[in-house]
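Visitor: I've got a protein on my screen and I'd like to learn how to read it. Can you walk me through it step by step?

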Amino acid sequence: MTQPLHLRDRLRFLACPARFSLRVVLLYCYIFLGILALLIYVMHFKHLGPSFLLGLVASQGVAALPQSTPTPTPQASSDAWKTYTISADNITAKLIPYGARLTSLLVPDREGRLQDVVVGFDDPTQYRGDDNYYGPVVGRYANRIKNGTFSIAGTQYDIPKNENDGLDTLHGGDVGYDQRNWTVIAHTDTSITFSFYDHALEGFPGDVLTHATYTVANGPDGRPQLTTNLVSLALTEATPIMLANHIYWNLNAFRDQNVLQDVTLQLPLSKRFIATDGILIPNGTISTVDAYNGAPDFTSPKLVGADINDAVGLCGTDCTGYDNCWIIDRPTGYSPDSLVPALYMHSQNTGISLEISTNTPAIQIYSCNGQDGSDPVKQSQIDRNRAEGYTNGPTTVLKNACVVVETEGWIDGINQPSWGQLDNQIFTPGGEPAINHAVYRFGTI
Ligand SMILES: *[C@@H]1O[C@H](CO)[C@@H](O)[C@H](O)[C@H]1NC(C)=O
Ligand SMILES: *[C@@H]1O[C@H](CO)[C@@H](O)[C@H](O)[C@H]1NC(C)=O
Ligand SMILES: *[C@@H]1O[C@H](CO)[C@@H](O)[C@H](O)[C@H]1NC(C)=O
Ligand SMILES: *[C@@H]1O[C@H](CO)[C@@H](O)[C@H](O)[C@H]1NC(C)=O
């Protein structure tokens, strides 16, 4: 029986062969051809730039490669509506590539029965043309941009004005990240990563590469948690980047008509919010939460509906309710981008609680003032409620039936240099990545 050669001996033999058998000559030949092929490849396809190297050509509409070129991996998700599931004990999330979107999240109520706590649709194709932003990642710049313009180093950029009949930009322009078909680049039982290569889309300067990862797990105490990580790089020019998850929460699982007298909200670190005009564009003033008779004061736990009648005009002209950006003031000793618990919420009806920790400097809350029953409640959740004896729940998403939470930067900070937010809103090639990190921990009361 011959002893197998040790790797070290094999390498020594290759570098300095004792005899030149045909096999050895062939091997040298292959190595030579391999190096040659690599050189031709690098020289020939250099012009395709980083997108080619990242294997995103097929998904993003760069000129098609010759047939003989090996297919880049990973491939673009062939089906934007395909549902991917991730789960851990007592938590199951469903997501689709269209908008890197969270479409369902099941967590236990106080009886231990699973409830879907995010608003959206059962049938993923219903998200086509969704203008409510149910569950996606929004970007390249979340929230509103005054007049759809901003300047960097003396150059003005015009972004499509897709809100208020052409007065401002909302969530990144006509076709924001919510309507893009992201590429699934990794998927395990507990985690999924979507990728999107933005080739200077919607008039923004330069290319941006983003990875959006959702992970479910059981925290140190076994409690179910969802983690979101949005990591973006400016690749070619200085550009604003402000991504956000845009999730509609309904912790009462549609057992009630709305959340007003059922869901308690607390924003423990937010004594300030950004004042806005009639179309929700910041007017430059930073307000304190004692404005509007204290309606925006959630520093202590309070029902969403407790003071909402005092929030007249707070969500814009002819609107009563919340659609505002609260500033997260970290306690002394915390760095500006440290992960801190910034929001607590629970439903009296289901007992489901949610705590959100974030590294962002602000948090936008929208009390679903604009929902008017035109979208259905998911049939899967209606069925769940009926099976559990709750037969009086709504079948459509009514006014104030949900709370949207966006962890993000100070809105329109790119147009308010005096706020000192440019450092965490404008990103440059070779500089730090833009990171939006959040942990959503569930429990029951
Ligand atoms: C899952 O939830 C059930 C019911 O609430 C609970 O009894 C169980 O301990 C939970 N599992 C873990 C791993 O926490
Ligand atoms: C508003 O946007 C237009 C382009 O749509 C631009 O020409 C104009 O300069 C902008 N106004 C201000 C005050 O920035
Ligand atoms: C995303 O995919 C859907 C379904 O294939 C397609 O209809 C849509 O045009 C795509 N969107 C973009 C922005 O490419
Ligand atoms: C901005 O709006 C707030 C709230 O309406 C108001 O108190 C403040 O004076 C306004 N600031 C400016 C600069 O117009």
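Visitor: Which residues have the most contacts inside the largest nonpolar core?

Guide: A quick note before we start: this is a predicted model, where local features need pLDDT of at least 70, side-chain atom pairs count only at pLDDT 80 or more, and totals for chains, interfaces and linings use all residues. Residues are numbered from 1 along each chain as its sequence is written, while chains are lettered from A and ligands numbered from 1 in the order in which they are written.

Guide: Now, the core. A nonpolar core is a set of buried Ala, Val, Leu, Ile, Met, Phe, Trp, Tyr and Cys residues joined through C-beta atoms within 7 Å. Buried means that 20 or more other C-beta atoms lie within 10 Å of a residue's own; 12 or fewer makes it exposed, in between is partly exposed, and the C-beta atoms are placed from the backbone. Here the largest core has 96 residues, and Trp-249, Cys-402 and Val-403 have the most contacts inside it.

Visitor: What does Trp-249 touch?

Guide: Two residues are in contact if their C-beta atoms, placed from the backbone, lie within 7 Å. Leaving out residues up to four places away in sequence, Trp-249 touches Val-117, Val-118, Met-345, Leu-354, Cys-402, Val-403 and Val-405.

Visitor: How many helices and strands are there in the protein?

Guide: Both are DSSP runs numbered from the N terminus: helices (H or I) need at least four residues, strands (E) at least two. This protein has 5 helices and 27 strands. Of its 445 residues, 41% count as buried.

Visitor: How do I read a sheet?

Guide: Strands of a sheet pair through backbone hydrogen bonds, either parallel or antiparallel. We say two strands pair if DSSP finds at least two bridges between them.

Visitor: Which residues stand opposite each other in it?

Guide: E1 (residues 84-88) and E2 pair over 5 bridges, and Thr-85 stands opposite Lys-94 in E2. On to the next pair: E2 and E3 (residues 101-108) also have 5 bridges, with Leu-102 in E3 as the bridge partner of Leu-95.

Visitor: Is E2 enclosed or open, and why?

Guide: E2 (residues 91-96) is largely enclosed by the rest of the structure, because 5 of its 6 residues are buried.

Visitor: What about the hairpin turns?

Guide: Look at phi, a backbone angle. The hairpin of E1 and E2 has 2 residues between the strands, and Asn-90 takes a positive phi near 65°. In the hairpin of E2 and E3, with 4 residues between the strands, Gly-99 has a positive phi near 85°.

Visitor: Where is Asp-165, and is Asp-165 buried or exposed?

Guide: Asp-165 sits in the loop between strand E8 (155-158) and strand E9 (168-170). Asp-165 counts as exposed, because there are 8 C-beta neighbours inside 10 Å. Its phi is positive too, about 50°, although Asp-165 is not a glycine.

Visitor: Which residues are around ligand 4?

Guide: A residue belongs here if its C-beta atom, placed from the backbone, lies within 6 Å of the molecule. For ligand 4 the residues are Ala-275, Asn-283, Gly-284 and Thr-285. Strand E19 (residues 282-288) gives the most to this shell, with 3 residues.
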